[in-house]
Every structure is written in structure tokens, then in C-alpha cells.
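Dear colleague,

I am passing on the structure we spoke about, together with some notes on what was found in it. Please look through the sequence and the coordinates before reading on.

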Amino acid sequence: MEMLWKPPEDVIANANITRFIEYVNQKFSMNLQNYWDLYRWSVENVADFWSSVWDFCDVVYSKRFEKVVDDLKKFPGARWFLGAKLNFAENLLKNEEGTAFIFKNELGVKRTLSYRELRLKVANLSNALREIGIKAGDRVCAYMPNIPETCIAMLSATSLGAVWSSCGTELGASAVVDRIGQLEPRVLFTVDGYLYKGKGYEMLSNVAEVVKSIPSIEKVVVYPYLKKEPDITGIQNAELWDDFLSEDDRLLFEQLEANEPVYIMFSSGTTGKPKCMVQSVAGVLVNHLKELILHTDLKKGEAISYITSPSWMMWNWLMSSLAVGATIAIYDGNPFFPDWRTMFKFIDEAGINVFGCSASYIYALMASNARPKDEFSLKSLREISQTGSPLSADGFRWVYENIKSDLWFNSISGGTDINGCFCAGSPTLPVYAGQLQAPALGMKIAAYDENGNPIYDSPGELVCELPSPSMPIYFWGDRDFKKYRETYFDFFAEKGKNVWRHGDYVIFHSKTGGITFLGRSDATLKISGVRIGTAEIYNVVEKLPEIADSLATSQDWKGDQRLILFVKLKPGYKLTEELKTTIKEELRKKASPRHVPALIIEVPDIPYTVNMKKVEIAVRNILHGKPVTNRGALINPESLDYFEKIAKELEKVD
């Protein structure tokens, strides 16, 4: 195991997690010495651990919890912080001093927002929502880019106890409808356009389509991002942002029970419309505080940035940095426009201390032969947080060799499902090439073999053996947990294990305690670190008159994954270059650029199970030289023969 970084003594001494260990030792008369002692205690004394996080991280509440968790055997279904009353936005707005946001976009527009200004803007917007009757439990959604107004809208909605859900502008109208349409939102926040690679793209036609498809929307609030006075007459019930604002600047916070919903996040949509995962006020808040304060070592007044979008849970995670009193540095646009230097210029300009990115971003830097350390000071940068998809050991080394040798590279992994991490870092632990540092505190995780036995030093399924606060309280429309159990718990149930199976293939290293991620073990595609549902692709492609059927999967390729689309054509049609272009254009327009396949290949048939489910996993296994063990479950097993025939050829095709 190659150690790339060892934390200096002063880093360990000044770490938030060191103070937390001292706090726990004093509170419970213990003698925990290090991270591993703390981790073991956290999963063996679950209630004591989470109550300690609540207190150490200064959660603001009007009524304290009477019990931390009702029953850890209720998995799913455990309820957390029973009896507590609090407000999510109040916790994110508890600081009144300092800078809340530093913003920059591709056109060079720059602005800052203080905490005082942020509180005032939230007051004006939340009172406007209150005046049109928005109340606790109502859904308020956004179709917006990564700008401060998206967060202002979220804080305004949640201050009233409304439930927030958001999509980024990179998604097409149909993908947005598939998501927020299920929630029957009353209000939609949006913009007139967005920026990408130096150009402005009109959004209002997409917005009109979304609004027309979702009859529950009573009000559309349009922030004029590209034009000062965009024409919104084509959108029903639309009003410009400033016109909608209230003059009332009182900031009020509706107090909610701890287990009431705050966010609804979306699954990838592999087997149909995306599942809507409902997460609780206290669960999300306390977990985010744990991860930001203890696992990211974020401190009040520091600047943190992440390359993200309101479609991705890392946006929600980043916004909770406000609860720490940190400054959120937002960049809206393509991080490689006009070249790889863009984000490093921003790091130096904004004095960013913690910079977050995906593995794909690092691979793209590597491909660009970037050497940031030769061109930038990066004096402020002390930590890089990386997530989204696994980064190779070479990627870890590249960071230390080409960006900065004396920083903490904090590779983390979890999921939208929990709005947080199963595996995380600590500034008190060394960094080993290709390994995430440790299991996250309070997360009792393991790698299981196919029989449900814990294993070390060889690949297995990532599982979590105990509930944690930010796990979904339920799926929208699934109060009996049927879909919930099918998604996470059924996989190992036949082995007698009631555990959360996450769908990641991992190795737990016995010598270092670190974890290596090998990729997704289920059919969900993860392209450039973003989860993509195959159903979203099929919904577009199979509407084309030439296409009889299709199957999408991913192939490990040059340190990342590439999307491959197999199509079965209707009689009389051929897969011409013109048809390939049409397919790509339709996916780019109606889903997103990330849904566009790297390769489109004609096949004679698409494999199905006897209950008529496409078997993406079997095809993916074939492409990676793995055996297919479920041929008997297929209605047409001979269809796999063609995939086996072309698998070797695909290894050579760019």
C-alpha cells in the first residue's frame, strides 16, 4: 500500500474531529485515542454518537429530542430524534456575520453575498411564498443552474416547512417532468436561460413544456439570468423574481417535527420513472453537519467549492456549509471553458480552502496534461474532496504530483439515497493511493460476498448493517416500504440478512482500514460521475420510428466509463450515420448531454428476463469478460451470443 500523505501534527491537533474525540471522552468518561476508536464506538453506541453530533455541531431547535432513535431493528423505518422540533433553513441561516457566497460564471460575472444580505433575501422571498399560501408539506421545486438564487429559493421554501426538490438546467424538459411531476409541486423556480461553454441557451420553451405537463404548478417564478427583462408571457402563472418578492423582511421559521420531510431526491430511473426518496429535516441536517465538520474538517469562515449542479446531491450537501458559517464559492458553467485553468484561477481568486470535484474532472485534467502547481499559487487550498465515481490509484498520485503535494486528498463515497457518505475521510488519517480513508462515523458498513458473509481484501458488495438518520423516511407514494425494500433490502434477504445493499463493488483493506471502490454492481449507469437511468434513454430512443428496441450499458474505458447504446431496428431500416446523429441529438435535447452514447451499435435482438425486464447487467458483464450466471432467467438466452461475439472487438473501438 502506497502512502501519499501523512497528516502533520499541527493538522491533527487543530482538526475538528480531534476536538470531537476530546468532547466524547469527557462526556462519557472514556479514553478514545484515534479515529478507529471513535468509529468503533460510533457504531456500537449509536444513540450516544448521534446525540453527541447534534450537540457538538450546535443544532438549533425549539424543542430538544426526547429519544435519539426509536428502534434500530426497524430497518427500514427507524425514526430519529423523536420529539424534537426544528427548522432546516434556520440552521443554515444561524450565522449573521461574514460572506455567505462568492459567485462567478463563464462570462466573468462576479458577485458576493454576505450572511446579512442572504437572510434579507430569504425573508423577502419566503414571505412572498407565505403570501400565496405555501405551507409546511407543500412541494416547491426548481429547474435552475448553480447560482445563489437557487439556494435562496431552497432556504425560503424550507423556512416555511415546505419540501424542496431541484433539477439542474442540464436536464431536458421530459427528464424534469419525470422527476418533479410525480411530486405535484405548487411552485416552480426557474431561469430564462443558462450558460454553457461561453454561450447562453434559452430555457423558457423548456419551462413552458414542464409547466404544461404538471397541472399542480400554481406559480412559476423566473429569475432573469441571461436577460434583464425576458418575455415570460408564454408561461402560465409566471412572474419575474423581483416582481414576486415581498416587501416584508421579517424572517420566520416554521418549526417541524424532526421526521418531517425537507428534501425529495431522485433515483436514476433505471426501471421506469425515477424513484422519489424523501429525506427528513433532522436526518439530513445532522448527517451533513457530521460530514462537513468532522469528515471535511470545515471551519467557520473558510471557503468551500464543489463542481456540482442542483440535480446532484452534492449541491444539497454543499449548501449545508452555510450551517458551519463557511463561504460557499459557486462557479456556474463548464469547468473546462475556455481551458483546464478555469477552476484553479477561481481557487486563487476566491481563496478556496476546500475544493470538490469528480473523478472524471481529474481524469480530464490528466488528459489535458495540466500542471496546476506550475501556474497557480494555490496557497489557500488545503483539501481536495473527490466523489462521483471511483478514482484510480494513478489518479490519486497525479493529484499529489501535479496539483499540490501538501494537501489532504479526501476521496468520499455515498449516495443520493442517503444525501451523504458511507465512506469518508479524516484529516487525522494517512492517504493511500486508490483508497478512501475510512468508513464514515455512525455508518456500520461492510463488504459482503455473494452468500452474505463479511469479507476483507477481496471484492464484495457494499452493505450497511444499521439504520442512519439521513436514509429515506420513505419513497414518495410508497408508505408501506415496498419499493424501498426492493431497492435496498431484498438482495440479501434470502440469505437471512436485513442489510442495505448499496450497489457498489468494493474492497475493504484489512491493513489500512481503507476502502477501494471498483464501480457499480447494479444496472445504474454512472457516466462522468453522474448517475443515469437507462429508462431515461429508452424513453427517448424507442420513440424514434426506426427503433424496435434498445439496451444501454456502460463499459470501463480509459479510467472512466463510456455509455454504449445497442439498438434493434425495425424491418427495412439500417443504422446509418444519419440515424446515429438523430439518436444523439434527440438524447441531448430531451434528456441531457450525459445521456448521449459514445457508441451506437446494431444488434439482432435485446435480451429479456421471463418477466420481460431487460438484462443490462448481463450485457455489461459480457463486455468486461465476466460470466453471465442467469441465462436460465432469460426468455431469449440466445440473444447474448451476439454480444459475446462483439465484446472483444469493442475493446479496440474508440
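**The sheet, its helices and the cores**

In this predicted model, three strands make up an open sheet of mixed pairing, and their order is β33-β34-β35. The edge positions are taken by β33 (547–557) and β35 (599–602), each of which has a single partner strand, so one side of each is left without a neighbour in the sheet. From one strand to the next, the twist averages 25°.

Within the sheet, strand β34 (residues 560–569) pairs with β35 in the parallel sense, over 4 bridges, and Val567 is found opposite Glu602 in β35. Two helices pack on this sheet: helix α19 (residues 534–541) touches β33 and β34, with its direction at about 145° to that of β33, while helix α21 (residues 616–623) also touches β33 and β34, but its direction makes about 45° with that of β33.

Turning to the nonpolar cores, the largest has 157 residues, and Phe81 and Phe189 are those with the most contacts inside it. Helix α11 (residues 281–295) gives the most to this core, contributing 9 residues. Leaving aside residues up to four places away in sequence, Phe189 touches Leu125, Leu129, Val140, Cys141, Ala142, Tyr143, Met144, Ala153, Trp164, Val221 and Trp241.

With kind regards

How values were computed
Residues are numbered from 1 along each chain as its sequence is written. This is a predicted model: local features need pLDDT of at least 70, side-chain atom pairs count only at pLDDT 80 or more; totals for chains, interfaces and linings use all residues. Side-chain values use heavy atoms; hydrogens and water are left out. A nonpolar core is a set of buried Ala, Val, Leu, Ile, Met, Phe, Trp, Tyr and Cys residues joined through side-chain atoms within 4.5 Å. Buried means under 20% relative accessible area, exposed over 50%, partly exposed in between (1.4 Å probe, protein chains only). Contact means heavy atoms within 4.5 Å. Two strands pair if DSSP finds at least two bridges between them. Axes are lines fitted to C-alpha atoms, for helices over the stretch in contact, and angles run from 0 to 180 degrees between N-to-C directions.
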